[in-house]
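Please look over the sequence and the model shown below.

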Amino acid sequence: MPGVYEDRDDAGLRLAEMYRGPAGDDVVVLGIPRGGVPVGYHLADSLGAVLDAIVVRKLPVPGNPEVGFGAVAPDGSVVLNADIVAELRLRQRDIDQITSVVLKEVNRREKMYRGDRPFPELKGKNVIVTDDGLATGYTMIAAIRMVKAREPAGTSVVVPVSPADTAARIEPLVDYFLCPNVSRDYSFAVARFYRDFHDMSDEEVSSCLRGE
């Protein structure tokens, strides 16, 4: 239903009410900036959990930056949409060049949001990864892979909205999956599910991470 959430804060509050996954002192909530951080803020607040950011960025299609052919995580790991890569006939050197540029932006944002504070320790923790919605899901897959490489006790994905095919792709990858709005519409856009879906600033993200 279009406009089902007032804004990202509303989405986070509602998800916090519906969440039935792991809780306690060993929970870490990781929001994918920018929009996933305010959603994660309310999840973390409800659970008494640590909130942090996991800066995963899509790899943009040359000439069409709104479309991604994969994603890269802060540790440099890459997830590719093999179908799009094949369709566009992207060469490995093209992929490597685009990845290098995007990874520099990932590192810039990591520094901005975290400063000198290290990435949180995830080994033995129950980790919740969230965003303001899923599209193709490749940024979320990259985040999941980075989290799992750090040996958590469990991995959850909690998001407000997703296309049905993406939800089906993500759910088997994690121990707990919550998405109250799974859309089977042919035309899908995360923004349609929000009345306020403004472009967030880096300062808004940093403010959430500071608990303000």
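Arginine 117 is partly exposed, with a relative accessible area of 36%. On this scale buried means under 20% relative accessible area, exposed means over 50%, and partly exposed lies in between, using a 1.4 Å probe and protein chains only. This is a predicted model, in which local features need pLDDT of at least 70 and side-chain atom pairs count only at pLDDT 80 or more, while totals for chains, interfaces and linings use all residues. Residues are numbered from 1 along each chain as its sequence is written, and side-chain values use heavy atoms, with hydrogens and water left out.

Arginine 117 forms a salt bridge with aspartate 52, and their closest N and O atoms are 2.5 Å apart. A salt bridge here is a side-chain nitrogen of Lys or Arg within 4 Å of a carboxyl oxygen of Asp or Glu. The pair links distant parts of the chain, 65 residues apart: arginine 117 is in the loop between helix H4 (92–114) and strand E6 (126–130), and aspartate 52 is in strand E2 (residues 50–53). Helices (H or I, at least four residues) and strands (E, at least two) are DSSP runs, numbered from the N terminus. Aspartate 52 is buried, at a relative accessible area of 3%.

How many salt bridges does the structure hold? There are 16. One of them joins the side chains of arginine 195 and glutamate 6, at 3.1 Å from N to O. Arginine 195 sits in the loop between strand E10 (181–183) and H7, and glutamate 6 in the segment before helix H1 (8–18), so this pair ties together parts that are 189 residues apart in sequence. Arginine 195 is exposed, with a relative accessible area of 55%, and glutamate 6 is partly exposed at 43%.

Another salt bridge brings together the side chains of aspartate 202 and arginine 108 (3.6 Å, N to O). Aspartate 202 belongs to helix H7 and arginine 108 to helix H4, so the bridge ties together parts that are 94 residues apart in sequence. Aspartate 202 is buried, with a relative accessible area of 15%, whereas arginine 108 is partly exposed at 36%. Salt bridges that share partners join Arg34, Glu105, Arg108, Arg109 and Asp202 into one network.

Arginine 34, a member of that network, is found in the loop between strand E1 (27–31) and H2.

Helix H2 (residues 36–47) can be viewed together with helix H7 (residues 202–209): their axes come within 9 Å and cross at roughly 15°. Axes are lines fitted to C-alpha atoms, for helices over the stretch in contact, and angles run from 0 to 180 degrees between N-to-C directions. H2 and H7 are therefore roughly parallel to each other, given that angles under 35 degrees count as roughly parallel, over 145 as roughly antiparallel, 65 to 115 as roughly perpendicular and the rest as oblique. Val37, Pro38 and Tyr41 in H2 meet Val205, Cys208 and Leu209 in H7; contact means heavy atoms within 4.5 Å. The residues of this contact divide into six nonpolar, no polar and no charged. Ala, Val, Leu, Ile, Met, Phe, Trp, Tyr, Cys and Pro count as nonpolar, Asp, Glu, Lys and Arg as charged, and the others, Gly among them, as polar.

Is helix H5 (138–148) largely enclosed or open? Eight of the 11 residues of H5 are buried, so the helix is largely enclosed by the rest of the structure. Among the buried residues of H5 are Tyr138, Met140, Ile141 and Val147. Their cover includes E1, strand E4 (64–72), strand E5 (78–80), E6, E7 and helix H6 (164–170).

Leucine 59, in strand E3 (residues 57–61), is buried at 0% relative accessibility. Leaving aside neighbours within four places in sequence, leucine 59 has contacts that include Val67, Phe69, Val78, Leu80, Ile98 and Val102.

Arginine 89 is in the loop between helix H3 (82–88) and H4 and is exposed at 74% relative accessibility. Glutamate 151 lies in the loop between H5 and strand E7 (154–158) and is partly exposed at 48%.
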